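Student: I am new to this structure and would like to go through it by question and answer. Please show it to me.

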Amino acid sequence: MSSSSTADGDDEFAVGDAPARPYVESPIIMATVRVVAPFVFTLGAFVMFHGADSAGGGFQGGVIVGTVILMIAIAFGVGPTRDWLSASFLTVLVVFGVALFMGIGLAAVAFGGAFLEYTAIPVSHASKYGIELVEVGIGIIVSGTVVGLFFALAAGHATDEAEEVEE
C-alpha cells in the first residue's frame, strides 16, 4: 500500500506502527444513528410480529433488527460494538432462537400433533401465538447471524505468519 506524507508529517494510509484511528468520527452520523436506531428496531419488531397476519415475518424483521446493530457499529466503531455484543452473547441469542422454534414445534408433537401443528396445542388462538413465537424465534436467529457475519467480515482475515514466510 502506498502512502503519502501530509504537511504535519503523518502518513495517510499508514499501516504498522501508527496508532489505530477510531472507525468513524462523524458527530452527524452518530447523532443520526442515535435518533434513527430506535425507530428501525421498532420497525423490525413490528415486521417480525406481523408475519402471521401480513407481509413480513421473522427473516425480514430479523434482518431489520440486525441492521440496527450494524448502524451502531458503523457510527460508533466496530470494536466497541463487538466488545458490547460479544460472540458468546450472539451465540446464546441464536441458540435461544433455535430453542424457541424447536420448543413450539415439539410442543405440538407432545400434545399429539405433527411438528409445528399449532392446533394440537390446547391454548386459545394457538395458531396465532404459535406462528408469532416461531417468527420471533426465526427473527432472533437471523438477527444474531447477520450481526455475527458482519463482525466476522469486519475482523478481516488473519494471516498465519508461517504462511507468509513460505510465500
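Student: Is F151 buried or exposed?

Tutor: The model is a predicted one. The relative accessible area of F151 is 6%. Buried means under 20%, so F151 counts as buried.

Student: How are the ring planes of F150 and F151 arranged?

Tutor: The ring centres of F150 and F151 lie 5.9 Å apart. Their planes stand at 50°. Planes under 30 degrees apart would count as stacked and over 60 as edge-to-face, so the pair of F150 and F151 is tilted.

Student: Is F150 buried or partly exposed?

Tutor: F150 has a relative accessibility of 19%. The cut-off for buried is under 20%, so F150 counts as buried.

Student: Where do F101 and F115 lie in the chain, and how many residues apart are they?

Tutor: The rings of F101 and F115 form a tilted pair, with centres 6.2 Å apart and planes at 55°. F101 belongs to helix α4, and F115 to the loop between α4 and α5. The pair links distant parts of the chain, and the separation is 14 residues.

Student: Which way do α4 and α5 run relative to each other?

Tutor: The axes of helix α4 (residues 87-110) and helix α5 (residues 126-155) come within 8 Å and cross at roughly 155°. Angles over 145 degrees count as roughly antiparallel. Therefore α4 and α5 are roughly antiparallel.

Student: How many charged residues does the contact of α4 with α5 have?

Tutor: By class, this contact has 16 nonpolar and six polar residues. The number of charged residues in the contact of α4 with α5 is given as no charged residues.

Notes: Residues numbered from 1 in each chain as written. Predicted model: local features only at pLDDT ≥ 70, side-chain atom pairs only at ≥ 80, totals over all residues. Heavy atoms only, no water. Axes fitted to C-alpha atoms, helices over the stretch in contact; angles between N-to-C directions. Helix = DSSP H or I, 4+ residues; strand = E, 2+ residues; numbered from the N terminus. Parallel < 35°, antiparallel > 145°, perpendicular 65-115°, else oblique. Nonpolar A, V, L, I, M, F, W, Y, C, P; charged D, E, K, R; others polar. Phe/Tyr/Trp six-rings, centres within 6.5 Å; stacked < 30°, edge-to-face > 60°. Buried < 20%, exposed > 50% of the residue type's maximum accessible area, 1.4 Å probe, protein only.
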